[in-house]
Amino acid sequence: PRCLPPALHTCQGLAPCLPEQGQVNTSGPRLLLATLHPASGSSTAMDRIFSALLLSLLLLLQSDGVCGAPQQPRGTLCRTKPTDLVFVIDSSRSVRPHEFEKVKVFMSRVIEGLDVGPNSTRVGVINYASAVKNEFSLKTYQTKAGLLQAVRRIEPLSTGTMTGLAIQFAISRAFSDSEGSRVRSPNFNKVAIVVTDGRPQDGVQDVSARARAAGIEIFAIGVGRVDMHTLRQIASEPLDDHVDYVESYSVIEKLTHKFQEAFCVVSDLCATGDHDCEQICISTPGAYKCACKEGFTLNSDGKTCSACSGGSGSALDLVFLIDGSKSVRPENFELVKKFINQIVDSLEVSDKQAQVGLVQYSSSVRQEFPLGQFKNKKDIKAAVKKMAYMEKGTMTGQALKYLIDSSFSIINGARPGVPKVGIVFTDGRSQDYITDAAKKAKDLGFRMFAVGVGNAVEDELREIASEPVAEHYFYTADFRTISKIGKKLQMKICIEEDPCECKSIVKFQTKVEDLINSLQQ
């Protein structure tokens, strides 16, 4: 990627020059194919999920109407063309269990880059070996979290490799009206992603030709020991654009990013000049948001800027509510502690700015330290590191009640008139009732984030999360496998009455970018 020359991009003043993005051919259905190979290494889940929370908290502190701050995203993280997407997954006996898990990770990462919903992208999964099993149809799940949990539950069949049969099943059954597929039109795509471990036991050339003749665009991704001739038989022309190869799954995430971008209708509206920002246009894939130079604040129209004087930052009372049940496991509990401290590192901690409290719960609730007990980051981080793992049950409802009654009380350090933010982290179904406490927390004006891992229940996360729910709850299949979710966070709420009192977004963006890059490394 390269930046456009200054004369060709629309950013002004302190705005970053962002790499131009290639245009994507979005016409017609598409079929993608990938093949299996043993892989080494996997992404750490907690770096990404807590990067998202970090970004959210800093945006809470320093964004909406901030001097020099972006506000009001003019679209989602990637405006994807409505798509009917079906994964066709090879689970033959040659696919080892740990390799099949890598395929599930690959599926999850592609799904996380899409706009999922009944009127946008629908997703189905077909599992095949010697026979074909329909795991779930395009009409089964309408939320991203539901899809991710369903993918996690898929088990291998461990027999033969009938790739041609599976492709035919996808064309004739998976994309039928009865399975939730929509009538073909120029307004949306049909995409099938076929994952196989190499040479099929039946023919693929004729069925692939029928798919292409029906208007399906076919991508073939080969990993490791793959028959390249088979990939070329499956793929659409030009082959250079439709056949990809990687030597192992340790680098397949690069291809995931490629396909996530491929689903975007437009990739860089700032570079094309298709925006109406007065001062600064900040591009995101398929969307943009307006910002102002330092010393200005964004007006309510989200486009124009007004001069203002800078201030000293914002106040925030933040309490982490951490699941310490036995299902988390000690090694993962250490990851939670580590990335709580990464978030703390990004905050401005003082009596007049951010205060942090920490509560752990399992079968009971234990306050590790209240708001305001520690006046600087060093002491907070030291206390987090010393937190002992409780290792019992999961009483999330009891923990939420404690948050309301105690954590955000004046006697425990909460400040009147200061915004209250709670981050609830859980990895399983609550063993008690959460509805009343979750509702009360939001009714009292607390900003609630819900983070679920593994067996966490989507309905419970949604109950806990503030509105808009999609921006306040997150799910990852396990502690090791997660795509970036920081990009999901579009919330831009400055908590000062005078938006000019928020800090400069220019310094803020640099700080967050450096921290997230560090976490990902």
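Biologist: Does α12 pass α13 in a left-handed or a right-handed crossing?

Modeller: Two packed helices are described by the angle between their axes and the distance between them. This is a predicted model, where local features need pLDDT of at least 70, side-chain atom pairs pLDDT 80 or more, and totals for chains, interfaces and linings use all residues. Residues are numbered from 1 along each chain as its sequence is written, and side-chain values use heavy atoms, without hydrogens or water. Helix α12 (residues 396-407) packs with helix α13 (residues 435-443) at about 30°, their axes 8 Å apart. That makes α12 roughly parallel to α13 (angles under 35 degrees). The crossing of α12 past α13 is left-handed (near helix turned anticlockwise from the far one by less than a right angle).

Biologist: Which residues make the contact?

Modeller: G397, L400, K401, I404 and D405 of α12 meet A437, A438, K440 and A441 of α13 (heavy atoms within 4.5 Å). By class, this contact has 5 nonpolar, 1 polar and 3 charged residues (Gly counts as polar, Asp and Lys as charged, Ala, Leu and Ile as nonpolar).

Biologist: Which cysteines does a disulfide join?

Modeller: A disulfide is a covalent bond between the sulfur atoms of two cysteines. Here C277 is joined to C290, S to S 2.0 Å (the cut-off is within 2.5 Å). C277 sits in the loop between α9 (269-272) and β8 (280-284), and C290 in strand β9 (residues 287-291), 13 residues apart. With -80° about the S-S bond, the link of C277 and C290 is left-handed.

Biologist: Where is the pLDDT below 50?

Modeller: Where pLDDT is low, the predicted coordinates should not be read in detail. The protein averages a pLDDT of 75 (the predictor's confidence in each residue, from 0 to 100). Residues 1-43 are below 50, and residues 62-77 stay under 50.

How values were computed
Axes fitted to C-alpha atoms, helices over the stretch in contact; angles between N-to-C directions. Helix = DSSP H or I, 4+ residues; strand = E, 2+ residues; numbered from the N terminus. Parallel < 35°, antiparallel > 145°, perpendicular 65-115°, else oblique.
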